[in-house]
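Here is a protein chain to look at, followed by some questions about the words used to describe such a chain.

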Amino acid sequence: MTSRTAACACGALTAACEGEPEVISLCSCRNCQRRTGSAFGLVAIFPGEAVAVSGAGAIFAREADSGSTTTFSFCPSCGSTVFWSRSARPDVVCVAVGAFADPTFPMPVRTVYDEHRHPWIGFEAASRL
Ligand SMILES: [Zn+2]
Ligand SMILES: [Zn+2]
């Protein structure tokens with residue numbers, strides 16, 4: 001089975017992920033832009049039992065538009081967000097695709113918050129929600 005490990009920039013906080021993600025999504029919401037410092041966020045959603053976390057993350061929680069709470073785990077030393085959970089889906093773990101630093105990671109299958117996407121980004125997903 002495929003095994004991949006997401007890590008923060010300094011390597012202290014990791015999330016080892018077994019198997020393929022259920023969904024890979026590109027999010028252009030403004031919160032993802034601020035969280036990543038980039039134009040969009042990329043997330044791979046794994047079943048909770050497929051993810052093994054190592055290291056002590058710091059927590060940042062915020063309320064989503066839907067009213068659910070998203071709780072981000074980031075490295076207190078280097079600041080990278082590695083994974084997060086959502087109160088609406090306690091059975092899954094969301095992992096930052098960039099934290100895998102793996103150009104062969106599968107591409108996103110959906111995009112969300114397209115209305116906030118930077119117009120120069122030409123990505124077209126297989127489906128949209
Ligand atoms: Zn770190
Ligand atoms: Zn977002």
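**Terms and values**

From the N terminus on, the protein chain runs β-β-β-α-β-β-β-β-β-β-β-β. This is a predicted model, in which local features need pLDDT of at least 70, side-chain atom pairs count only at pLDDT 80 or more, and totals for chains, interfaces and linings use all residues. Residues are numbered from 1 along each chain as its sequence is written, while chains are lettered from A and ligands numbered from 1 in the order in which they are written.

Q: What makes up the secondary structure of the protein chain?
A: The chain has one helix and 11 strands. Both are DSSP runs numbered from the N terminus: helices are H or I with at least four residues, strands are E with at least two.

Q: How do you know whether the radius of gyration agrees with a compact globule?
A: The rule, over C-alpha atoms, is 2.2 Å times the number of residues to the power 0.38. For 129 residues a compact globule would have a value near 14 Å, and the chain has 14 Å, so the two agree.

Q: Why is Ser-28 called partly exposed?
A: A residue is buried with 20 or more other C-beta atoms (placed from the backbone) within 10 Å of its own, exposed with 12 or fewer, and partly exposed in between. Ser-28 has 19, so Ser-28 is partly exposed.

Q: Where does Ser-28 lie, and which residues is Ser-28 in contact with, leaving aside neighbours within four places in sequence?
A: Ser-28 is in the loop between strand 3 (23-27) and helix 1 (30-36). Contact requires C-beta atoms, placed from the backbone, within 7 Å; the partners of Ser-28 are Phe-40, Tyr-113, Asp-114, His-116 and Arg-117.

Key: Contact = placed C-beta atoms within 7 Å.
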